Amino acid sequence: MIRISAPGKILWIGSYSVVFGGISHVIAVNKRVSCRLREIQERSLIFHTSYGDFKNSGNELINSVLDTFRERFTQLPQGYEIELYNDKEFILDGKKTGLGSSSAATVSLTACLYYAINGKLDLFEIHKLAQIANFKRQKGIGSGFDIASAVFGSIVYKRFTDLEKMDFYYEKLKLGNYDMVLGFTGKSSETVGLVKKFVEKSNLEDFREIMRLIDEENNMAIRLVKLNKIDEAVEHVRLGRKYLNYIAERIVGVKLVSKEEEELIKIAEDEGALIALSPGAGGGDSIFALGNDLSKVREAWKRRGIITIDVKENEGLKLDSN
């Protein structure tokens, strides 16, 4: 039995700007997707997943990984039963909470199949295979930050410009011992569709100029995180988010943060959060709060009927047992 798991993520610095080559910081969290693989007599691949059971092919995610392995290796491994299951916090009330189940599942499954072929884990090879599979599934939309974090853990990340060269930049950077919580609103955002709308406007001069300003703020925030000056870093994150919301509403024509979410952010910061924001692509699924003690934030959000998900910083891809 092989058991491998990959973490979920929270993109708190670099939302959207990472798609256009900007810097980002991604936090790997302790909600994970596990892949278990065991040999069977039958010469086939049998899948048991959070989304159903399959044989020799699967849903879009599974098939993107299998297709990538067919292209890169002479043949797929055969004679295995594979279990691919999410921690329950990835999906609540039938809706995704924004923690990155798809990227974690892609990495976890890729690593399991890679281990079956090679008898070891090579993080850079697994990262490349998972990025290729993810790129196909999303039809080229996205930056791959979520795949990179699912492999390497909490990182500073800049996207690749070439899928084959995989010329991405990453640097491990843990946030440290902070209290973190997600407030799930009960909605679910459509990340790929939102990113497409930004891409459509990305050649406009105003868009490029404001993205440059966002990247300056994000660079400064990350430099301060490295110095463990979180109190100062969050001010630059806030300013970057103001610029991002300006682009979204004035140039792209979408609203990333609803009135309800603005209220939840204000509540969190009034109740002691260093910062609260809509992570990743935004659009409604969750609010992320970071601080030293968020007990009052949890209480206030629960009074508003918001489901809270406690998260902690966690490691990247790992072999849990052999």
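Which residue in E12 is the bridge partner of Phe 184? Ser 286 is. This is a predicted model.

## Strand E12 and its partners

Strand E12 covers residues 286-291. Its pairing with strand E10 (residues 179-184) is antiparallel and spans six bridges. The bridge between Phe 184 and Ser 286 involves E12.

Strand E11 (residues 275-277) also runs antiparallel to E12, joined by three bridges. Here Ile 275 has Leu 290 of E12 as its bridge partner.

## Burial of E12

Six of the six residues in E12 are buried, so the strand is largely enclosed by the rest of the structure. Both faces are covered. One side carries Ser 286, Phe 288 and Leu 290, all buried. The other carries Ile 287, Ala 289 and Gly 291, also buried.

## Nonpolar core

The largest nonpolar core contains 109 residues. Trp 12, Phe 198 and Trp 301 have the most contacts inside it. Domain 1 (1-173) and domain 2 (177-308) both contribute residues, so this core lies between them.

## Cysteines

The structure has zero disulfides. Cys 35 is buried, at 0% relative accessible area. Cys 112 is buried too, at 0% relative accessibility.

Note on methods: Residues are numbered from 1 along each chain as its sequence is written. This is a predicted model: local features need pLDDT of at least 70, side-chain atom pairs count only at pLDDT 80 or more; totals for chains, interfaces and linings use all residues. Side-chain values use heavy atoms; hydrogens and water are left out. A disulfide is a pair of cysteine sulfur atoms within 2.5 Å. Buried means under 20% relative accessible area, exposed over 50%, partly exposed in between (1.4 Å probe, protein chains only). Helices (H or I, at least four residues) and strands (E, at least two) are DSSP runs, numbered from the N terminus. Two strands pair if DSSP finds at least two bridges between them. A nonpolar core is a set of buried Ala, Val, Leu, Ile, Met, Phe, Trp, Tyr and Cys residues joined through side-chain atoms within 4.5 Å. Domain bounds come from an automatic or database domain assignment.
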